[in-house]
Amino acid sequence: MSAREQILFNIKNNQPDYQELNANFKFESVYENLYEKFSEILNFVGGKALEVSSYQEIKDDVREHYQGVTNIATTIEELSALADFSLNISDPHELEMLNLAIIKGDFAVAENAAIWVSEKQLPHRALPMITQYLAIVIHKSDIVTNMHSAYERVKIDETGFGTFISGPSKTADIEQSLVIGAHGARGLVVYVLP
Amino acid sequence: MSSIKIDHATASVEFNKDEAHVNWHDETLWFVRSKRDKAVFQIPEWEQLREAGSQIKNHVLSNMHDLLLEFEEKATANGITVHWATDAQEHNEIIYSIIKNEGVNRMVKSKSMLTEECHLNDFLKEKGVEVIDSDLGERIVQMRNESPSHIVLPAIHLKRSDVGETFHKHLGTEKGATDPQYLTEAARQHLRDTFLTRKVALTGVNFAIAETGGFVVCTNEGNADMGVHLADVHIACMGFEKIIPKAEHLGVFLRLLARSATGQPITTFSSHFHKPREGQKMHIIIVDNGRTKQLGRPDFRNSLKCIRCAACFNTCPVYRRSGGHSYHTAIAGPIGSILAPNLDMAQNADLPFASTLCGSCSNVCPVKIDIHEQLYKWRQVLVKEGHVPTFKKLGIQSMAGVLSSPSFFRMAGKLGRFLMKNTPFVVNNKLNVWYQQREMPDVPKESFREWYVLRGEKINEEEKKAL
């Protein structure tokens with residue numbers, strides 16, 4: 001018997017009697033203001049939300065806060081004036097030089113400040129992790145309450161890869177002291193358009 | 001990674017020698033438990049969520065065979081190569097053959113407790129393959145030639161000065177440096193270079209979804225993503241119990257996992273893998289290694305519901321005061337103590353006794369595993385199978401003798417009180433294990449029974465007067 005056959009045979013013999021799964025495991029979360037909840041939690045996990053009215057406002061903010069920073073890339077056409085780094089590359093290792101990536105988020109989740117990005121938004125899977133700093137642009141109307149609503153909205157196998165990002169990368173592995181900027185981005189700003 | 005077997009109690013004595021450090025360990029883990037509580041109390045439906053997690057996992061256990069087949073079919077259609085391994089040896093061999101096939105001798109690995117369980121690093125080292133663990137905590141313990149002492153916080157047994165010393169030796173950081181920010185930055189630079197140069201990257205699996213043939217990997221550091229998105233080959237290893245039926249069930253588990261683990265609302269990255277990226281190869285290894293046997297034990301199969309959050313570690317008064325290494329197994333703590341005897345009863349017979357049976361582990365478990373009840377049941381199995389030391393067996397037998405005879409019990413009590421009062425050296429000595437960590441209590445004038453009988457009479461007389 002192959003390993004596969006043996007494992008499946010043993011499982012079939014040893015698994016308990018079939019237990020039906022027919023309950024609905026979706027719970028509703030009620031928040032007075034989805035954006036405020038999202039912003040509060042994002043702050044808690046080390047990121048920052050900024051309400052903006054236009055792409056121009058995002059441009060102004062980036063120019064002000066990342067003054068003198070080079071190697072900026074974006075997937076958003078309206079912000080292409082900010083970019084000096086082309087994502088039109090074939091080898092993701094070249095992204096190593098990247099200081100700031102500005103990408104679109106598909107939608108956000110209020111309860112945990114997670115933002116779904118998939119290969120629909122990402123020309124390279126490594127992009128949101130390898131960049132030194134990350135900015136994500138979402139629309140206010142694209143904030144859902146909780147993870148149950150999130151999975152109602154997203155089809156996880158629509159592309160080969162997708163991830164929920166909640167805040168900048170972090171670690172507390174040295175004596176439980178929180179350090180922002182482990183291996184992924186050192187900072188996360190979320191621009192929220194109307 | 002020493003394989004010398006020292007039992008939990010003996011190892012705990014060693015761990016407890018540095019009292020200040022033990023106190024720190026205890027308080028720090030309790031702090032993590034408190035963060036968990038804070039996060040949990042913000043979710044009014046928390047108990048229903050736990051029940052949902054539990055029910056989904058119960059269903060998974062009962063439908064494991066079909067779910068795995070469904071997963072295999074979908075994953076294969078997605079372009080993922082699916083492997084099956086009956087034990088640690090097969091698991092390690094498969095990984096080695098993939099690495100060899102690529103013509104490389106180096107690999108980067110993010111956290112996978114399964115590979116710890118299978119002793120993959122040692123196996124590959126012998127074959128001449130260098131493995132670098134990329135989770136910061138795991139990298140620290142790897143440099144020190146230790147194993148993780150906690151499944152979520154691998155280096156929780158170390159102080160910042162220990163890490164500073166280790167990094168000074170291995171990464172050339174300044175001598176005496178202890179600032180976590182500085183030390184983390186040094187590790188970031190070192191591991192960035194690793195991510196950029198490795199062709200093969202290995203990750204664990206938090207959840208595998210039968211319906212879609214994909215899997216989810218959760219990290220805070222982003223190390224799993226950094227490794228695999230820059231590698232030509234992604235190997236993901238999972239115990240077969242990681243399977244869940246549908247994508248929507250992730251809604252339940254991702255709400256439970258990080259809150260239970262560290263009190264975070266979710267991990268920084270919850271990455272969903274379904275297809276290799278263009279030009280990449282993706283492998284998934286489904287491992288048994290004793291799990292089918294555990295599935296066949298009605299009293300213990302629930303342990304396979306575990307989602308590895310470690311909430312039971314952080315809340316356990318014994319874990320907090322004995323440290324993860326005292327458990328001499330890849331997964332320590334209460335859950336490890338019910339998983340390990342399944343793998344090797346003789347080697348792990350001490351672990352189900354490393355508990356006060358207070359039940360706190362079961363109360364915090366996000367999928368409602370009856371951990372403390374299983375600890376209690378394992379004790380009975382272990383005694384029956386002859387895996388308990390004669391000394392302990394005799395002690396329990398004589399205790400049973402004393403407790404089952406009221407007159408003998410009264411006499412023994414009287415004798416005990418007499419000896420403690422008049423010849424304290426008979427009990428206050430090294431032979432008495434109870435005395436080793438404690439002062440003996442003051443001797444009461446009378447036993448509770450004597451007090452009760454006397455007082456009972458008094459009350460009766462007073463009551464009579466009142467009449």
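In this predicted model, the axes of helix H9 (residues 160-171) of chain B and helix H10 (residues 180-197) of chain B come within 11 Å of each other and cross at roughly 35 degrees. Axes here are lines fitted to C-alpha atoms, for helices over the stretch in contact, and angles run from 0 to 180 degrees between N-to-C directions. The crossing of H9(B) and H10(B) is left-handed, a term for a near helix turned anticlockwise from the far one by less than a right angle. On the side of H9(B), the contact is made by Arg160(B), Val163(B), Gly164(B), Phe167(B) and Leu171(B), and H10(B) contributes Pro180(B), Leu183(B), Ala186(B) and His190(B). Residues are in contact if their C-beta atoms, placed from the backbone, lie within 7 Å. By class, the residues of this helix contact comprise 6 nonpolar, 2 polar and 1 charged. Ala, Val, Leu, Ile, Met, Phe, Trp, Tyr, Cys and Pro count as nonpolar, Asp, Glu, Lys and Arg as charged, and the others, Gly among them, as polar.

Residues are numbered from 1 along each chain as its sequence is written, and chains are lettered from A and ligands numbered from 1 in the order in which they are written. As the model is a predicted one, local features need pLDDT of at least 70 and side-chain atom pairs count only at pLDDT 80 or more, while totals for chains, interfaces and linings use all residues.

Chain B is divided into domain 1 (43-289) and domain 2 (390-466), with bounds from an automatic or database domain assignment. Taken over C-alpha atoms, the centres of these two domains of chain B are separated by 53 Å.

An open sheet of chain B has 6 strands in the order S1-S10-S7-S4-S2-S3, with parallel pairing. Helices (H or I, at least four residues) and strands (E, at least two) are DSSP runs, numbered from the N terminus; two strands pair if DSSP finds at least two bridges between them. S1 and strand S3 (130-133) of chain B stand at the edges with a single partner strand each, so one side of each has no neighbour in the sheet. Neighbouring strands of this sheet are turned against each other by 25 degrees on average, direction ignored.

Strand S10 (residues 281-287) of chain B is largely enclosed by the rest of the structure, because 5 of its 7 residues are buried (20 or more other C-beta atoms within 10 Å of the residue's own, C-beta atoms being placed from the backbone). In S10(B), Ile286(B) is the bridge partner of Trp84(B) and of Met238(B), whereas Ile284(B) stands opposite Ala236(B).

| Strand pair | Bridges | Sense |
|---|---|---|
| S1(B) (residues 81-85) and S10(B) | 5 bridges | parallel |
| S7(B) (residues 233-239) and S10(B) | 7 bridges | parallel |
| S4(A) (residues 107-109) and S7(A) | 2 bridges | parallel |
| S8(A) (residues 161-165) and S9(B) (residues 269-273) | 5 bridges | antiparallel |

Another open sheet draws on both chains: its 8 strands follow the order S7(A)-S4(A)-S5(A)-S8(A)-S9(B)-S6(B)-S5(B)-S8(B), and the pairing is mixed. Its edge strands, S7 (143-144) of chain A and S8 (243-244) of chain B, each pair on one side only. Ala108(A) stands opposite Ile143(A) in S7(A), and Phe164(A) has Ser270(B) in S9(B) as its bridge partner.

Between the chains, 73 residues of chain B are in contact with 58 residues of chain A. Helix H3 (residues 46-62) of chain B gives the most to the side of chain B that touches chain A, with 9 residues. That side of chain B has 32 nonpolar, 28 polar and 13 charged residues.

Conventions. A residue is buried if 20 or more other C-beta atoms lie within 10 Å of its own, exposed if 12 or fewer, and partly exposed in between; C-beta atoms are placed from the backbone. Two residues are in contact if their C-beta atoms, placed from the backbone, lie within 7 Å.
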